Amino acid sequence: MGLKTFIQGWPVYRQLTGTDPLGRGAAAQSARSAALTARTETADGMARSVCPYCAVGCGQRVFHSDGKVTQIEGDPDSPISRGRLCPKGSASKSLVTSPLRQTKVRYRRPYATEWEDLDLDVALDMIADRILAARAETWEDVDDEGRPLNRTLGISSLGGATLDNEENYLIKKLFTAMGALQIENQARI
Amino acid sequence: MAEAHPVGFQWVMEAKKRGAKVFHVDPRFTRTSALADTYLPIRAGTDIALLGGVVRYILDNELDFREYVLAYTNAANIVSERFADTEDLDGLFSGYNPDTGSYDHASWQYEGQEDNAKVRGTGKERDSASGLEHESHGEPVPAQAPRDETLQHPRCVYQILKRHFSRYTPEMVARVCGIPEEKFLELARAWTENSGRERTGALVYSVGWTQHSVGVQYIRTGSIIQTLLGNMGRPGGGILALRGHASIQGSTDIPTLFNLLPGYLPMPHHADHPTFDRWVDSIRHPGQKGFWGNSRAFAASLLKAYWGDAATPENDFCYGYMPRMTGDHGTYQQVLNMIDGKVKGYFLLGQNPAVGSAHGRAQRLGMANLDWLVVRDLFMIESATFWKNGPEVATGEIVPEECRTEVFFLPAASHVEKEGTFTQTQRLLQWREKAVDPPGDARSELWFFYHLGRVLREKLAGSTERRDRALLDLAWDYPTHGPHAEPSAEAVLKEINGYEVATGRPLNAFGEARDDGSTAIGCWIYSGVYADGVNQAARRRSRHEQDWVAAEWGWAWPANRRTLYNRASADPEGRPWSERKKYVWWDPDAGEWTGYDVPDFEKTKPPSYRPPEGASGPAALAGDDPFVMQGDGKAWLYAPSGVLDGPLPTHYEPAESPMRNPLYGQQANPTRKIYEHPINRMNPSPPEPHSQVFPYVFTVSRLTEHHTAGGMSRTVPRLAELQPEMFVEVSPELAGEVGLAHLGWAHLISGRAVIEARVLVTDRLTPLRVDGRIIHQVWLPYHFGTEGLVTGDSANDLFGITLDPNVLIQESKVGTCDIRPGRRPTGPPLLDLVGDYQRRAGMTPDRKIPLVTTDAAGGDDAAGSTDEQSPAAHQDGEPHA
Ligand code: SF4
C-alpha cells in the first residue's frame, strides 16, 4: 500500500477533501462496504410496480434474479411517493417471498376435519360443475309478472379491491353472463 | 392519515412547511395528531354536528366566496313551498313515509318542479344502493330553476341552509361532539381564512367518515363547506377520499358490485328497466343538460364489449341477457341469506369477511351453511378455516364433523407475479410490470376467471337452455401466453379502453363512443387509457422531468384529468381567480381552454356561451357552468334528489349511542337500512330503555403496521413483529372506573359477541364532556383473527349490521359496548355471557327497533303524500331534552 493510498484510507482525510464534508456517506465507508455490491446492481432485471397495500399507490421497483424477487424498493421517479415506502410497502418483499404463502390447492370435503390435496385442473373442473348445478337449481327466469330476471341468487362473490382492473373486468363480465348478480367487494365494507 | 396512508401524508407535511395549518379531528390522538397544529378529539359519530357548526359560522359571518357561490352553485335556486325542514319537523324532512322508512322527494324539488321528481317513494333506490351511481355524475334535475341572485328569498337555497344549520352553534358543537368552543372556533377561523381568491383549503377523509349510517351525509356536509368557500375544482382544494386498498377505486369504477356496471351504469332493475330503451333513458334522461346525455352510446358499447358479434342494434345488443335486480342484493343481505340456507356457493377473492366485515359471527355462520366455498388468496385466511378453528368451533356452534361446506382453497398470484393496472385513490391508473412467475399452483384472477369461463363454455357447448345463451354468446377470446396459458392483461385493458369494432383501432376518448354497435367499450370512463394504441397507464416519466401536475405519470380518468371540475379554478369570464391559484383558464387569442391540467370543459366553448332555447346534453351547459357532470352544471349546496336521507345533512346519533340526540327528537337516521334477523340484535339506544347496559362507545381503525383483515400483514414476519397483539386503548380515567390494569386483559361485550384484548392505558383517549355527562370511548385495531403469525380476537365481531341508505355501507366506526377486566370466558359460557347482556338490555327476538322517535312525522307527511301541507303545523323548534 503506497503512502497516498494509506492517507486516502483515512476517513477524516476523505471527509475534508471529498464531497462528503459531514462524514456520513462515502467518506465513512469502510473497505468492506466498498467491496459490497447492492442486490439491485446485480439483478437480472427490474420491474416497475406499485405497492399492493393501500391506495396511495406508491411506486415500487422490483428487482429479481433467477426468477426470484431479490429486492423491492421505492421508485424515486414517482411523483406520488418520491421513492418512499411505509412499513407495509417496505415489507412487500417479505410478503411475496413469505414461506407461509400457500402454493398448493387445498380441499376440504364436507364434514371433513382436515385439508387434502387436489390438482388445480381438477379443482377448476369441480368448481365449474358446482356453478352449473347451483345455477340450474336456483335459476330465476322471470318474475311473477313475467318480466325477465335472468339470474341466480344461489351464487355470491366477495372481493376485488386488491385485484387489478383487468381482473375485476373479467370477473364482472363472466358473473354477469352466468346470471350471478350477488357480486360485492371491499368498497362496501 | 399518518397512520394509514403514511406516504400520502408527506404532502401534508410539505404544505405545513409552506405555512398551511393542519387540523386533525379524531376520537383518538394518533401520529397524525402529533404532527398537526391542532388536534380536536371528537365523540365518534358526531362529525355532521361539527361540520354543520362550520357551515353556520360561514353563513352567519358571510364568509362564503360570494362570487363563486353565486356563479357556480345552486345557492340562489328557490325551493318548493311544500318543503319542510328538520327545523320544522323535529329532525325529519317533509315526505317521510314511516311504513317504508323512506322519503318521497317531490316536496324537496325546486319551485314549480315538484312533479318532475323522478322518484316518489325511494325505498327501491335504497335497496339498490343507487347513490353509488353518482360517483361519476349527479342526479338529473330540470335545467331551469327559478333563482334569486340577491339570495334574499326566504326559500332560496342559501336562506334554507342558514335556517337549517342555525342550531349548530359553537355551544351545540361542544354539547354534541365534546369539542371545546375555543377549539371549534380556531378550526372555523383557520378554514375560512385559508379560502377565497388567493388561498384554498383541502379536506381529507377516509372510512372514519363513510362507515356510518349517515356516511354519505358526512361527505355532503364537507362538500357544502368546500363549495361555500370556493374550494372545489381548484388547486390545493377539494375533498379527498383516502382509500384503503390498492385498487378499491378501480373495483368501484369497474365494479365487482351488485348494483353497478362498468363506468357507473346501473345494473338493470326488473321493474324499472324491462327494455334497453327504458334502461338507457333512466340513465340519460332525454332532454337533460350535461355529458350524461351520451349514455346510450356508453351502454350500447358496453353490451357490445360483453357480447361481441351476437350484440346487434336489432336485438338491443343482447340487453335481454342481463340479470335483473329486484331489491337489496348487497353483501350483508347475502350473508343473512347464507345463514337462512338460500345461497349455494360463495367466492372470496382476496377478501376475508370473517375478520374484515361487520358482525364476524354472522359471516362465519353464513359460510358454515353453504354447499361450497372457493377462497382465492395468498395466505391461509380465517375465511378459509372457520370450520376448523374459528371462534364458533370453540363455542360449539360450528362442529367440523357436522359442517357441510365444501371448501376449495386456490393460491393466488401476488402483485409482482402478474401484470395489470391498479387505480389508486386519486383515480390514477398505474400499470405494473410482471417481475417473476407465480409459485406452484398460484395463479392470477385473470387466469382463474378466463379459464373458468372457458371450462363453463366447453361444458355448455350444445346446450339449448335459454339461460346458457348469455354464456355461450359471450365475447371471451383473449390471447394467452406462457406455459399456463395466462391471458393477456393488455388485451383486456384494450377492451376496457374501447375500440372500433370494424378495424380494432383503440378509441382515444369516450367522445368516440357510438350507439350503433360500431364501438365496443368495457368501461367508458377509462376510454383514453389506451389512446393511440399506447398503454398510457404504463407511462413513467420521472417527476424530475415534468411539472408538478405530472400528467405523464400513469393515466387518470376521465381523459387524464388530475383535478375534476377544474373549470371552476377560473372565474365566470375564464380568468384565473388569482395568479397564485392559476390552474386552467380561457385563452381568448387561441379561442380555447388551456392550463396545467386537461381542462374539464369543452375545449373551445367560450365563457360567454349561452345555450340556445331547447338545447340538451353538453350543448345545454353554459360557458360558465363548471360542474359538467351535474344535470345543471352547478355544485349543489342543496340536493333536491339523489340523496335518499335528506336534501341537507342533519346530525343523527349513530344507530348505537349512549345518548339522546341533543338536536332533535329524531334520534338516528330514519331511513337507515336495518335487518331484523335473529342473529342481528342491535344494542338499545335512547329513547329505548336499557342503553346503560352498554355504556361505552367503541371505535376501530388501522395500525400503520397492519392492513385490513390482516391477511397481508399478520402473515409477514416484519409487520407481525411490529404489532404482535390485539389490544384496546382506554383512558386512565376509564381504567380507574372499570378497574383495568395497563398490559393486563380486558374483555368487551356487545349484543353480538365478546372479545378480549390486552389493555393499553393511554391519554391518547380522553373522556369527553358531552351534554352534561362524561362519555368514555375506547379504541381497537380491527386486524386480528385466528390465523397468521400473530393472532387475536376480531374487533369487527362486536358490530351489528346497520347500513347507510344511499350506498349500503355499514356502520362500523361506532358502536356501544361494555368493558370488564380480565379474560373472556371460553366455550359455551361465552354464549351465556352474551345472552345475559341481551336479556338485561331487553334485546328479545321480537323487539322492533324504533326507526322514528318523534311524533312530528304525523299528518300529511306520514303517508308520503305530496299534497299541500303546512310546515307550521309541525313546528317544534325546541331541541329534544
Ligand atoms: S407504501 Fe404504504 S403508503 Fe405507500 S401505497 Fe404502500 S401501504 Fe400505502
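Two strands count as paired here if DSSP finds at least two bridges between them. Keep that in mind, everyone, and hello! What I'm showing you today is a predicted model.

If you look at β12(B) and β13(B), residues 428-432, you will find four bridges joining them in the antiparallel sense. To find your place, look for B:Gly420, which stands opposite B:Arg432 in β13(B).

Helix α3 (residues 47-60) and helix α7 (residues 170-177) of chain B have axes that come within 9 Å and cross at roughly 175 degrees. That crossing makes α3(B) roughly antiparallel to α7(B). On the α3(B) side, the contact uses B:Ala49, B:Leu50, B:Gly53 and B:Arg56, and these meet B:Pro170, B:Val173, B:Val176 and B:Cys177 in α7(B). Sorted by class, the residues of this contact are six nonpolar, one polar and one charged.

Next, the ligand. Which chains surround it? Residues from both A and B do, so the site is shared between chains. From chain A, the surrounding residues include A:Cys51, A:Cys54, A:Cys58 and A:Cys86, along with A:Tyr53 and A:Lys88. Chain B brings B:Pro6 and B:Val7. The elements giving two or more residues to this shell are α5 (87-90) of chain A and α1 (6-17) of chain B. By class, the shell has eight nonpolar, two polar and one charged residues.

Finally, let's step back to the domains. The assignment for chain A gives domain 1 (2-35), domain 2 (45-96) and domain 3 (106-188). In chain A, the C-alpha centres of domain 2 and domain 3 lie 33 Å apart. For chain B, the assignment gives domain 1 (23-241) and domain 2 (673-840). Their C-alpha centres lie 30 Å apart, and their contact takes 29 residues from domain 1 of chain B and 30 residues from domain 2 of chain B.

Definitions and conventions: Residues numbered from 1 in each chain as written. Chains lettered and ligands numbered in written order. Predicted model: local features only at pLDDT ≥ 70, side-chain atom pairs only at ≥ 80, totals over all residues. Heavy atoms only, no water. Axes fitted to C-alpha atoms, helices over the stretch in contact; angles between N-to-C directions. Parallel < 35°, antiparallel > 145°, perpendicular 65-115°, else oblique. Contact = heavy atoms within 4.5 Å. Nonpolar A, V, L, I, M, F, W, Y, C, P; charged D, E, K, R; others polar. Near = heavy atom within 4 Å. Domains from an automatic or database assignment.
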